[in-house]
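Reader: I have a model open on my screen and would like to learn how to read it. Could you take me through it, feature by feature?

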Amino acid sequence: MDWTDTLAELIRRTTSDLPADAEAALRRAADVESPGSQAALILGALAENTVLARRQSTPLCQDTGTLTFFWDVPPGTDTAALEQAARRAVALATRNGWLRRNTIDALTGRSVDSNVADGCPVCHFEQRSEVRGQRSGAGGQGAGIEVWLLQKGGGSENMSRQFSLPDEALGAGRDLEGVRRCLLHAVWQAQGFGCAPGVLGVCIGADRAEGFLTAKRQLLRPLDDAAPEPELAALERRVLEEANALGIGPMGMGGVTTLLGVKIAARTRLPASYFVTVAYLCWACRRRGLRVPADGPLQWLN
Amino acid sequence: MITLHHPFTEAAVRALRAGEAVRVSGRVCTGRDRLHKHLAEGGACPADLRDGALFHCGPVVVPRSPDPAQPPDGRGGWRVVAAGPTTSVREEPYMARVIERFGVRVVIGKGGMGAATRAACARFGCVYLQAVGGAAALIAQRVTRVAQVHFLEEFGATEALWELDVEGLEAVVGIDAAGRSLYDEVRDASAARLRHLLESI
């Protein structure tokens, strides 16, 4: 199998073909806004844009984002070769107009036109003797390779936040009520900037770096799932409902739907630290995956 | 639906009210962080922005090479494949100065802008339009022609100033020349709702 071509196809799908759950959520959101309102107009345009991008294989959004590949691979896999294939695939996808020239050298300010540089695209590898099903956490998929791609744009990344509790200004203590306050505050702050309606990926605990990675990983979850821990599932439902009562609406111009989903995970923490990390994702929920079983054909995952 | 056609007159712009839906046609110039800094710091503008529109956008543009064997340097023209708005508030430190210096009548972006831009809109007769954030394929369809590109080498393709001809680009008036900002209103109302939610544990 040619990994470069396969990963380039994964990029094409991710950049142009919004997953069905996200598209359905946008259509449901359009149905509840009052007809003729700005919110209804915006959501209607997003639905039209989604169909158009899919049909043309062109980017859903011109900010084709940071490309992060999350890999599960069996022990003994040559991960350097897979990373090289990912880099070649990004260069190819850029030439095809599936990705914007979206990489700037932070020192010189020059555009890196290939979109390939040290650490760019991002690859996270984890070794597994069994593919675990990264989105559901369910194992038993047999041996093989599974990879998910997330394309997260800069407007939404700029709205990601990390809180250190207790936070006196927010009245947020070290408990789930404190977490709730942080999340609602983050949604309020993101208005107008992060292209609502968005999705929150959240990590409670961990250190600062793992917090952001774990929060970002939650964005791979389907919009209609729930955290396995009942208290986190309840918090997800509550924050979603309350955020949608703020009236911020699509693009921050007022309306009923401000968030499409809230996805929370909890990790251990040091006694001294209590971080709440929020990865804000815009409506363009660009995540796609694929699985190559040890003894079977390639499967595309949505 | 109100239609606006380039060149935009002060009267047409001052007649617009926040919340109205509009369609923009004619010449629109893209510009984002690099261009705004350059213009606000006294740099020259190779495109004529007077009575014009400045679109906060870094498009995905591919060369329309007539001969695939030739290097894709844009000599055969360009094609815009994705062109949604970028977050406008990053240009807030520069926007008022750019409106004043160059006589910009229409700013197109997303997310709204701050008090200085709102004041400049009222003083100089300019309006801020919200395009649909992320609707890049749809907006690219409204682009009928890439007329010119400036600063391609210096700023790169994403930050360059692209002179685009558009037909019927949909937008909503976010900040009008009478000093009204929809974003400020939504922000204040949602802040009150947030306070209410946080009081009820």
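Reader: How many bridges join S5(A) to S6(A), and do they run parallel or antiparallel?

Author: Seven bridges link S5(A) and S6(A), and the two strands run parallel. Bear in mind that this is a predicted model. On its other pairing, S5(A) meets strand S7 (residues 275–281) of chain A in the antiparallel sense, over six bridges. You can follow one residue into both neighbours: A:Val202 has A:Ile264 as its bridge partner in S6(A), and A:Val278 as its bridge partner in S7(A).

Reader: Which residues point one way from S5(A), and which the other way?

Author: The general idea comes first: side chains in a regular strand alternate between the two faces of the sheet. Here, A:Gly198, A:Leu200, A:Val202 and A:Ile204 point one way, while A:Val199, A:Gly201 and A:Cys203 point the other way.

Reader: Why is S5(A) described as largely enclosed by the rest of the structure?

Author: Seven of the seven residues of S5(A), residues 198–204, are buried, so the strand is largely enclosed by the rest of the structure.

Reader: Now a helix, please. Which residues of H8(A) are buried?

Author: In H8(A), the buried residues are A:Leu232, A:Leu235, A:Glu236, A:Val239, A:Leu240, A:Glu242 and A:Ala243. They pack against helix H6 (176–189) and strand S6 (259–266) of chain A, together with H7 of chain B. H8(A) itself covers residues 230–243, and its 14 residues reach 20 Å from first C-alpha to last, close to the 20 Å expected.

Reader: That brings in the other chain. How many residues of chain B are in contact with chain A?

Author: Interface size is often given as the accessible area lost when the parts come together. Here we count residues instead: 44 of chain B are in contact with 43 of chain A. H7(B) gives the largest share of chain B's side, 11 residues. By class, that side has 26 nonpolar, 14 polar and four charged residues.

Reader: And how is chain A divided?

Author: Chain A has domain 1 (3–12 + 60–153 + 285–301) and domain 2 (155–281). Their centres, taken over C-alpha atoms, are separated by 25 Å. Between them, 12 residues of domain 1 are in contact with 11 residues of domain 2. Strands S1 (66–73) and S3 (144–152) of chain A each supply at least two residues of domain 1's side, which has four nonpolar, four polar and four charged residues.

Methods:
Residues are numbered from 1 along each chain as its sequence is written. Chains are lettered from A and ligands numbered from 1 in the order in which they are written. This is a predicted model: local features need pLDDT of at least 70, side-chain atom pairs count only at pLDDT 80 or more; totals for chains, interfaces and linings use all residues. Two residues are in contact if their C-beta atoms, placed from the backbone, lie within 7 Å. Helices (H or I, at least four residues) and strands (E, at least two) are DSSP runs, numbered from the N terminus. Ala, Val, Leu, Ile, Met, Phe, Trp, Tyr, Cys and Pro count as nonpolar, Asp, Glu, Lys and Arg as charged, and the others, Gly among them, as polar. The expected span of a helix is 1.5 Å times one less than its number of residues. A residue is buried if 20 or more other C-beta atoms lie within 10 Å of its own, exposed if 12 or fewer, and partly exposed in between; C-beta atoms are placed from the backbone. Two strands pair if DSSP finds at least two bridges between them. Domain bounds come from an automatic or database domain assignment.
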